[in-house]
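Okay, thanks for making time, everyone. Let me put the model up and walk you through a few spots in it.

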Amino acid sequence: MGKFFDSIPPEMLAWIQKQQCFWVATAPLKATGHVNVSPKGAPDCFRIIDNSTVWYEDLSGSGCETIAHIRENGRVTIMFMAFEGAPRILRLFGTGTVHEFDTPEYNALIPAESRNPGSRAVIMINIYKVGTSCGYAVPYYEFLGHRELLHSMATRKENFDCAAPAPTYHHDKGLKIYWEGHNAKSLDGLPALLNAGKSSVAFNSSDNWRARTVDAKSVKNLSLKKEQGSVETRKREEWKLVGAFSAGVLVTAVCMKYIGSRA
């Protein structure tokens, strides 16, 4: 049975922090507007201030639906689900606020030494309801690692901007131009990023993400090793079954011989 709470139950806080990904759902007010669901999987981007207030570091992407919808109406739902251990789905229903890159609120929450490459905003959420449900239909998945592609792409674009002349630090291949070209409006034409692309601040971000992500080749090798290990495990189990069957046959033969000698 589903349960509802006014804020995040204390016993859920540690579980939330252990999750490697979450989903963000928003929608415009227009009846024919596009409902959006975005997966978020960058390490250490989700933060809990207290049982009723959370925020996450929003990284650059090909669109900007979440920011546009929150600007218009504030409605947002965060969903976590368990892929290992006991089944669980957790939803955080809240009202969001957007703090763009280089605003005072953003700078206070994300200092340069902890900023992820491509970080474009803080999404602050005031929670008014929390819902839990069974999660019985959610499959088991094994976490192999966080992808490095987004961070690598953003780092290249930020480096272009940093190499551009002061005081604007704008390059035609840089991240700020990308924001202005791809993150200014939603699919329905709602305003999204307003000022981040116009910032004259040079990018400065942490390199710590490299220790928290893995490249595709490493994941492939890890998957192969796990697959080989699974094959070897299956072979061992098969040989155990063969051995058990053979032992059973042998015991049966001995018993039958003994019974025959007594008859």
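Let's begin with strand β4, residues 46–50, which pairs with β5 in the antiparallel sense over 4 bridges. Pairing here needs at least two DSSP bridges between the strands. In that pair, Arg47 stands opposite Trp55 of β5, and a hairpin through 2 residues joins β4 to β5. Quick housekeeping: this is a predicted model, so local features need pLDDT of at least 70 and side-chain atom pairs count only at pLDDT 80 or more, while totals for chains, interfaces and linings use all residues. Residues are numbered from 1 along each chain as its sequence is written, and side-chain values use heavy atoms, with hydrogens and water left out. Helices (H or I, at least four residues) and strands (E, at least two) are DSSP runs, numbered from the N terminus.

Next up, helix α2, residues 65–73. Which of its residues are buried? Those are Glu65, Thr66, Ile67, Ala68, His69 and Ile70, where buried means under 20% relative accessible area with a 1.4 Å probe, protein chains only. Their cover includes β5 again, along with β2, β3, β6, β7 and β8. Just after α2, Gly74 has a positive phi, about 80 degrees.

Last stop: helices α4 (149–163) and α5 (175–182), which pack with axes 7 Å apart at about 115 degrees. That makes α4 and α5 roughly perpendicular, therefore, a label that covers 65 to 115 degrees. Lys157, Glu158 and Asp161 of α4 make the contact with Leu175, Lys176 and Tyr178 of α5, contact being heavy atoms within 4.5 Å.

Definitions and conventions
Buried < 20%, exposed > 50% of the residue type's maximum accessible area, 1.4 Å probe, protein only. Axes fitted to C-alpha atoms, helices over the stretch in contact; angles between N-to-C directions. Parallel < 35°, antiparallel > 145°, perpendicular 65-115°, else oblique.
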